[in-house]
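Visitor: I'm new to this and would like to look closely at one part. Could you start with a single spot and work outwards from there?

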Amino acid sequence: MKEFNYTITDPQGIHARPAGILVKEAAKYQSSITIEKDGKTGDAKRIFAVMGLGVRSGQTIRITVDGSDENEAAAAVEEFLKANL
């Protein structure tokens, strides 16, 4: 299992467009990918789960990746977050 924290820097937080792209990126991998904020968790492969967390700029999220391709999945998600959020 891989875990890392990321602080959102986008002024709008996690909004619809990057959330949709994040879901598509997460769906490329077989591993389970979850996002946690303030004790609430959501499946990174489901748009409503990601949007439902209501992550705003400056808030820190924890990403957990667990599965057969967790190393590649964690690296790809972290790279996506750094580039887009």
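Guide: Asp 38 sits in the loop between strand E2 (32-37) and strand E3 (40-43). Strands (E, at least two residues) and helices (H or I, at least four) are DSSP runs, numbered from the N terminus. Before we go on: this is a predicted model, with local features needing pLDDT of at least 70 and side-chain atom pairs counting only at pLDDT 80 or more, while totals for chains, interfaces and linings use all residues. Residues are numbered from 1 along each chain as its sequence is written, and side-chain values use heavy atoms, leaving out hydrogens and water.

Asp 38 is exposed, with a relative accessible area of 65%; exposed means over 50%, buried under 20% and partly exposed in between (1.4 Å probe, protein chains only). Its phi is near 50 degrees, a positive value in a residue that isn't glycine. Why point that out? Because most residues other than glycine have a negative phi.

Now step out to the sheet. Four strands make an open sheet in the order E1-E4-E2-E3, with antiparallel pairing (two strands pair if DSSP finds at least two bridges between them). E1 and E3 are the edge strands, each pairing on one side only. On average, neighbouring strands here are turned by 25 degrees against each other, ignoring direction. Axes are lines fitted to C-alpha atoms, for helices over the stretch in contact, and angles run from 0 to 180 degrees between N-to-C directions.

Let's go along the pairings of E4 (60-66). E1 (residues 2-7) is joined to E4 by six antiparallel bridges: Lys 2 stands opposite Val 65, and Asn 5 opposite Arg 62. E2 pairs with E4 over five bridges, again antiparallel, and here Thr 34 has Thr 64 as its bridge partner. Thr 64 is buried, at a relative accessible area of 14%. Leaving aside neighbours within four places in sequence, Thr 64 is in contact (heavy atoms within 4.5 Å) with Met 1, Lys 2, Glu 3, Ser 32, Ile 33 and Thr 34.

Val 55 and Ile 8 are 47 residues apart in sequence, yet 7.9 Å apart in space, C-alpha to C-alpha. Beyond its neighbours within four places, Val 55 touches Ile 8, Gly 13, Ile 14, Lys 37 and Ile 61.

Last, the helices. H1 (residues 16-27) and H3 (residues 70-84) pack at an angle of about 165 degrees, their axes 10 Å apart. That makes H1 roughly antiparallel to H3 (over 145 degrees; under 35 is roughly parallel, 65 to 115 roughly perpendicular and the rest oblique). Where they meet, Pro 18, Ile 21, Leu 22 and Glu 25 in H1 face Ala 76, Val 77 and Phe 80 in H3. By class, that contact has six nonpolar, no polar and one charged residues. Nonpolar here means Ala, Val, Leu, Ile, Met, Phe, Trp, Tyr, Cys and Pro; charged means Asp, Glu, Lys and Arg; the others, Gly among them, are polar.
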